[in-house]
Amino acid sequence: MRARRVIRAFHKPTKASGHKRFAPLPDPKRKVVNILIESHEKRVEWNSKMVAMSADIIGIRRSGPIPLPSKCQKWNLGSSPFKHKKATEFLRRVTHRRLICIEGPPEVCDRFVRFAVEVSDPTCGIRIREKQYHTLESFLNYKGA
């Protein structure tokens with residue numbers, strides 16, 4: 001009997017149970033930027049730590065660096081087409097990835113992203129995904145040309 005009560009106490013609310021969880025409303029003066037750093041070398045870890053440290057120094061709210069699963073690509077390459085046909089070379093390329101999420105005023109986030117791209121290691125690729133929220137009044141009062 002007690003075990004059932006404990007399970008029900010920590011029961012995850014569903015739509016059928018009538019409970020709803022609402023996320024806090026996003027602030028229209030804030031911008032969320034996801035920075036994905038990826039590379040074929042292990043320097044991606046050092047580069048992501050440097051970006052995270054610079055975000056801390058500036059005072060931007062951040063989470064990460066979060067290690068994401070590595071992508072692995074494998075190939076078989078025949079080294080000889082005729083007599084030694086069964087002799088093959090195995091090639092492998094691993095892409096290491098890290099994710100850093102920052103949140104702050106739009107101007108500060110834009111300047112920080114430009115800084116992170118300029119300072120980053122040349123062997124690392126950077127992908128940026130930005131989210132900015134707007135108030136509903138700005139869309140309702142829009143007068144298009």
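A charge sits over a ring if NZ of Lys or CZ of Arg is within 6 Å of the ring centre and within 35 degrees of the ring normal. Keep in mind that this is a predicted model.

**Exercise 1.** Find the residue that lies over the face of tryptophan 46, and give its distance from the ring centre.

*Solution.* Start at the ring of tryptophan 46 and look over its face: arginine 43 lies there. The distance from the ring centre is 4.9 Å. Arginine 43 falls within the range of helix H2, residues 43-58.

**Exercise 2.** Work out the order of the strands in the open sheet and name the edge strands.

*Solution.* Step one: the sheet has four strands, and their order is S2-S3-S1-S4, with antiparallel pairing. Step two: strand S2 (61-78) and strand S4 (125-132) each pair on one side only, and these are the edge strands. Step three: on average, neighbouring strands are turned by 15° against each other, direction ignored.

Now zoom in on one pairing. Strand S1 (residues 31-39) and S4 run antiparallel and are joined by eight bridges. For valine 33, the bridge partner in S4 is glutamate 130.

**Exercise 3.** Which strands does each of the helices H2 and H3 lie across?

*Solution.* Take H2 to begin with: this helix lies across S1, S2 and strand S3 (88-104), and runs at about 5° to S3. Then turn to H3, which lies across S1, S3 and S4 and runs at about 10° to S1.

**Exercise 4.** Classify the aromatic pair formed by phenylalanine 112 and phenylalanine 115.

*Solution.* A pair of aromatic rings is described by the distance of the centres and the angle of the planes. The count of aromatic pairs comes to one. Its ring centres, in phenylalanine 112 and phenylalanine 115, are 6.2 Å apart and the planes stand at 40°, so the pair is tilted. Both residues belong to helix H3 (residues 106-119), where they are three residues apart, or about one helical turn. Next, check accessibility: phenylalanine 112 is buried at 2% relative accessibility, while phenylalanine 115 is partly exposed at 37%.

**Exercise 5.** Where does the pLDDT stay under 50?

*Solution.* Begin with the whole protein: the average pLDDT is 77, and 77% of the residues score at least 70. Residues 1-14 stay under 50, and the model has three contacts for them beyond four places in sequence. Residues 16-23 are also below 50, with three contacts beyond near neighbours in sequence.

Definitions and conventions. Residues are numbered from 1 along each chain as its sequence is written. This is a predicted model: local features need pLDDT of at least 70, side-chain atom pairs count only at pLDDT 80 or more; totals for chains, interfaces and linings use all residues. Side-chain values use heavy atoms; hydrogens and water are left out. Rings of Phe, Tyr and Trp (its six-membered ring) pair if their centres lie within 6.5 Å; planes under 30 degrees apart count as stacked, over 60 as edge-to-face and the rest as tilted. Helices (H or I, at least four residues) and strands (E, at least two) are DSSP runs, numbered from the N terminus. Buried means under 20% relative accessible area, exposed over 50%, partly exposed in between (1.4 Å probe, protein chains only). Two strands pair if DSSP finds at least two bridges between them. Axes are lines fitted to C-alpha atoms, for helices over the stretch in contact, and angles run from 0 to 180 degrees between N-to-C directions. Contact means heavy atoms within 4.5 Å. pLDDT is the predictor's confidence in each residue, from 0 to 100.
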